[in-house]
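Thanks for coming. I will go through one structure this morning, and here it is on the screen.

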Amino acid sequence: MSRLVLGTAAFGPYAGQPALQPWEIIPLLRAAADAGIRWIDTAPSYGGAEEAIGAALAYRFPNEFLVATKVAADADYLTVRASVRRSLAQLRRERLDLVYVHNATTRVRSSPALDALRRAHDRGQVGRIGATVYTEAEALAAIEADLNVIQVPYHLLDRRMRATVFEAARHAGVTVYVRSVWARGLLTPRLIGDDRFPVEAFADAERIRFRLWTTWEQLPDVALQFALHDDRVAGALIGVRTPQELDQAVQAATRRLPWWRAALAATWRQNSDPKAWDPRTWGA
Ligand SMILES: NC(=O)c1ccc[n+]([C@@H]2O[C@H](COP(=O)([O-])OP(=O)(O)OC[C@H]3O[C@@H](n4cnc5c(N)ncnc54)[C@H](OP(=O)(O)O)[C@@H]3O)[C@@H](O)[C@H]2O)c1
């Protein structure tokens, strides 16, 4: 089974591009299924992605995929209960395989959202429960709250989670998925001419590319191999919109990051303030 997870944030309208249409989603899911990808990551906030995926799964892929979706971290109990019901209906499933508290805070343990997900689990509507987070403190809080899965940002320019989180998760038996392995496109040729990225982030991307002896065309492959290099990582989300991008990722994931590149990446120190490449501070 593949360690890749199909991310779907860009299935809805994204960075000036229109939402994917069913005739674009179905070939993408076909290519993912053929490559052994089993997990799809979505959310009610991804601009109609849940509904489009639900239709495609019901129509063409009834048994091929497991689906992870999300509930808002700051929602109250009844709102989360309604969100779970809506996701079940939109995804056309009887059970949600994995539901994350979306952008969970350090207070996740006592949140009404988690309480509502645990009750939904007891009712059989939800399988595993997780949290998606941005910071180490939030990741550690999710591990302490006894969740099954965490989803964290991790890429060549952002290796914070490696310091404590991966080991704490392994120790606690919590599954770790990493996302933003291409820093939302910053670590791909797509960054050229994309004014969402601040100049400092662009400069860091150029420096890491140069240090790892790679071209812009090969950088997405190297970045993905870096994300999968750590065996404590169960899998990596890939934000792709075409079967061609997906195939490139699948091919890259079959090869391990060479030891010398791993060593060069591990000793790289960024120049700029980490906030420069925090996607929450970037444009849409
Ligand atoms: N808080 C959360 O829960 C949260 C936050 C962020 C993301 N996520 C999840 O993680 C998934 C992926 O993360 P992400 O959105 O941060 O993005 P990402 O996977 O780091 O990067 C996606 C970007 O990379 C580009 N790309 C991919 N392959 C390429 C290639 N071969 N050549 C050139 N460009 C390429 C894509 O271009 P195109 O647009 O042209 O395809 C897209 O702009 C999302 O879809 C979502 O499911 C969750």
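Helices α2 and α3 are oblique to each other, where oblique is what remains once angles under 35 degrees are called roughly parallel, over 145 roughly antiparallel and 65 to 115 roughly perpendicular. Before I go on, two notes on the source. This is a predicted model, in which local features need pLDDT of at least 70 and side-chain atom pairs count only at pLDDT 80 or more, while totals for chains, interfaces and linings use all residues. Residue numbers start from 1 along each chain, as its sequence is written.

Back to that pair. The axes of α2 and α3, the latter being residues 77-91, cross at roughly 40 degrees and come within 7 Å. Axes here are lines fitted to C-alpha atoms, for helices over the stretch in contact, and angles run from 0 to 180 degrees between N-to-C directions. On the α2 side the meeting residues are E50, E51, I53 and G54, and on the α3 side S87, Q90 and L91. Contact means that the C-beta atoms of two residues, placed from the backbone, lie within 7 Å. This contact of α2 with α3 has two nonpolar, three polar and two charged residues. For those classes, Ala, Val, Leu, Ile, Met, Phe, Trp, Tyr, Cys and Pro count as nonpolar, Asp, Glu, Lys and Arg as charged, and the others, Gly among them, as polar.

What does α2 do with α1? Helix α1, residues 22-34, packs with helix α2, residues 49-60, at an angle of about 60 degrees, and their axes are 10 Å apart. That angle makes α1 oblique to α2. From α1 come P22, I25, I26 and L29, which meet A52, A55, A56 and R60 in α2. By class, the contact of α1 with α2 has seven nonpolar residues, no polar ones and one charged.

A third pair sits later in the chain numbering. Helix α8, residues 219-229, packs with α9 at about 50 degrees, with axes 9 Å apart. Those two are therefore oblique to each other, and the crossing of α8 and α9 is right-handed. The residues making the contact are P220, D221, L224, Q225 and L228 of α8 with Q248, A249, A252 and A253 of α9. Six of the residues in the contact of α8 with α9 are nonpolar, two are polar and one is charged.

Next, the ligand. How many residues surround the ligand? There are 27, and the closest are G7, T132, G185, T188 and G239; near means a C-beta atom, placed from the backbone, within 6 Å of the molecule. Strand β8 (235-238) and helix α9 (243-253) each supply at least two residues of this shell. By class the shell has 10 nonpolar, 11 polar and six charged residues.

Strand β8 also holds A236. Is A236 buried or exposed? A236 is buried, because 26 other C-beta atoms lie within 10 Å; the cut-off for buried is 20 or more, exposed is 12 or fewer, and partly exposed is in between, with C-beta atoms placed from the backbone. Leaving aside neighbours within four places in sequence, A236 is in contact with R3, L4, V5, V178, V181, L224, A227 and L228. S180 is 56 residues from A236 in sequence, and the two are 8.5 Å apart, C-alpha to C-alpha.

Now V108, in the loop between β4 and α4. V108 is partly exposed, with 19 other C-beta atoms within 10 Å. Not counting residues up to four places away in sequence, V108 touches V101, L114, A131, A141, A142 and A145. V108 and A145 are 37 residues apart along the chain, with C-alpha atoms separated by 7.1 Å.

Last, a backbone detail. R92, in the loop between α3 and β4, has a phi near 55 degrees, a positive value in a residue other than glycine. N103, in the loop between β4 and α4, likewise has a positive phi of about 55 degrees although it is not a glycine.

Note on methods:
Helices (H or I, at least four residues) and strands (E, at least two) are DSSP runs, numbered from the N terminus. A crossing is left-handed if the near helix is turned anticlockwise from the far one by less than a right angle, and right-handed if clockwise.
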